[in-house]
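Work through these exercises with the sequence and the model side by side. Try each task before you read its solution.

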Amino acid sequence: MSAPAAIRIEALHRRFGDLVAVERLDLEIPAGQIFGLLGANGSGKTTTIRMLTGLLAPTSGRAWVAGIDVVAEPEAVRRRLGYMSQRFGLYDDLTVEENLRFYAGLYGLVGEPGRARVEELIAGLGFTERRRQLAGTLSGGWKQRLSLACATAHRPAVLFLDEPTAGVDPAARRHFWEVIRGLAAGGTTIVVTTHYMDEAERCERLAMLWRGRLVAVGTPAEIEQQLGAPTLEDAFIALQEKDEAA
Ligand SMILES: Nc1ncnc2c1ncn2[C@@H]1O[C@H](COP(=O)(O)OP(=O)(O)OP(=O)(O)O)[C@@H](O)[C@H]1O
Ligand SMILES: [Mg+2]
């Protein structure tokens, strides 16, 4: 018995002028899965995420997130998802607490439920001593932790993480993955892009993109097999060399 798909993508396509950034992508991601998008710079990872979050209209094709058509109902879909962008999206001149309150408010969590949720996030993620610190003065690891707290303030069904651990140290990355696994165990579907192979190995399934095209999909072991490479890293490098030769 397979769980219902949290994300369904059918022939999703996006062009920028002559450039095909995402080429007729088909994917299905079950609820509660940690799913990785892997690919070199410019392979279409962020463009895919932006279409799935309803921020960017596809040129053609369709996608459903948490059962909602992202093209027909981008606003409805945004209430069901969390998005942590490549640049964290924090307000540097607001405190930790103010950032959390701002994001909670954006997602409609106001009044007493909003206050309670912000307190829960502050305590749960270890921000008690830093709640009045300006976000701009936090270390990379704490910024990342705050950004994740903001993206999950409304308990989204699906969470999109675009290179969430770029520029943070190994201890912070480990903590981050523990939080992610906890969210997935609680039923949240996670879509994560990464350039780190150890992180790719932590995904239950992955899609490997090359120039906007899906070249392999499956567990890390299945990807290696599909691309005839002994490790994920070898598969990744082989595709990059193909790029350089092209
Ligand atoms: N708004 C845009 N206008 C024109 N071209 C764009 C736009 N957004 C993305 N592209 C192009 O689409 C392609 C895919 O970009 P995208 O940002 O999705 O790649 P990525 O896999 O996220 O790369 P990275 O690993 O560097 O973040 C690239 O060639 C990029 O230059
Ligand atoms: Mg990107």
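Predicted model: local features only at pLDDT ≥ 70, side-chain atom pairs only at ≥ 80, totals over all residues.

**Exercise 1. Find out whether the radius of gyration of the protein agrees with that of a compact globule.**

Step 1. Take the radius of gyration over C-alpha atoms. The globule rule is 2.2 Å times the number of residues to the power 0.38.
Step 2. For 246 residues, the rule gives a value near 18 Å.
Step 3. The protein has 18 Å, so the two agree.

Residues are numbered from 1 along each chain as its sequence is written, and chains are lettered from A and ligands numbered from 1 in the order in which they are written.

**Exercise 2. Describe the protein by its helices and strands, its buried residues and its contacts.**

Step 1. Count helices (H or I, at least four residues) and strands (E, at least two) as DSSP runs, numbered from the N terminus. The protein has nine helices and 10 strands.
Step 2. Call a residue buried if 20 or more other C-beta atoms lie within 10 Å of its own, exposed if 12 or fewer, and partly exposed in between; C-beta atoms are placed from the backbone. Buried residues are 41% of the 246.
Step 3. Two residues are in contact if their C-beta atoms, placed from the backbone, lie within 7 Å. Take contacts between residues at least 6 apart in sequence: 67% of them join residues at least 24 apart.

**Exercise 3. Work out the strand order of the open sheet of four strands.**

Step 1. Two strands pair if DSSP finds at least two bridges between them.
Step 2. S1 (residues 5–16) and S4 (residues 60–65) are antiparallel, with five bridges. Glutamate 10 has arginine 62 in S4 as its bridge partner.
Step 3. S4 also runs antiparallel to S5 (residues 68–69), with two bridges.
Step 4. Look at the S4–S5 hairpin. Two residues lie between its strands, and alanine 66 has a positive phi near 50°.
Step 5. Write the order: S2-S1-S4-S5, with antiparallel pairing. S2 and S5 are the edge strands, each pairing on one side only.

**Exercise 4. Which residues are around ligand 1, and of what class are they?**

Step 1. A residue is near a molecule if its C-beta atom, placed from the backbone, lies within 6 Å of it.
Step 2. List them: Phe16, Leu19, Ala21, Gly39, Asn41, Gly42, Ser43, Gly44, Lys45, Thr46 and Thr47.
Step 3. Sort them. Ala, Val, Leu, Ile, Met, Phe, Trp, Tyr, Cys and Pro count as nonpolar, Asp, Glu, Lys and Arg as charged, and the others, Gly among them, as polar. The shell has three nonpolar, seven polar and one charged residues.
Step 4. Assign elements. Strand S2 (19–30) and helix H1 (45–52) each supply at least two residues. H1 gives the most, with three.

**Exercise 5. Where do arginine 24 and glutamate 163 lie, and are they buried or partly exposed?**

Step 1. Arginine 24 lies in S2. Its phi is positive, near 40°, although the residue is not glycine.
Step 2. Arginine 24 has 15 C-beta neighbours inside 10 Å, so it is partly exposed.
Step 3. Glutamate 163 sits in the loop between S7 (158–162) and H6 (170–185). Its phi is positive too, near 45°.
Step 4. Glutamate 163 has 19 other C-beta atoms within 10 Å, so it is partly exposed.
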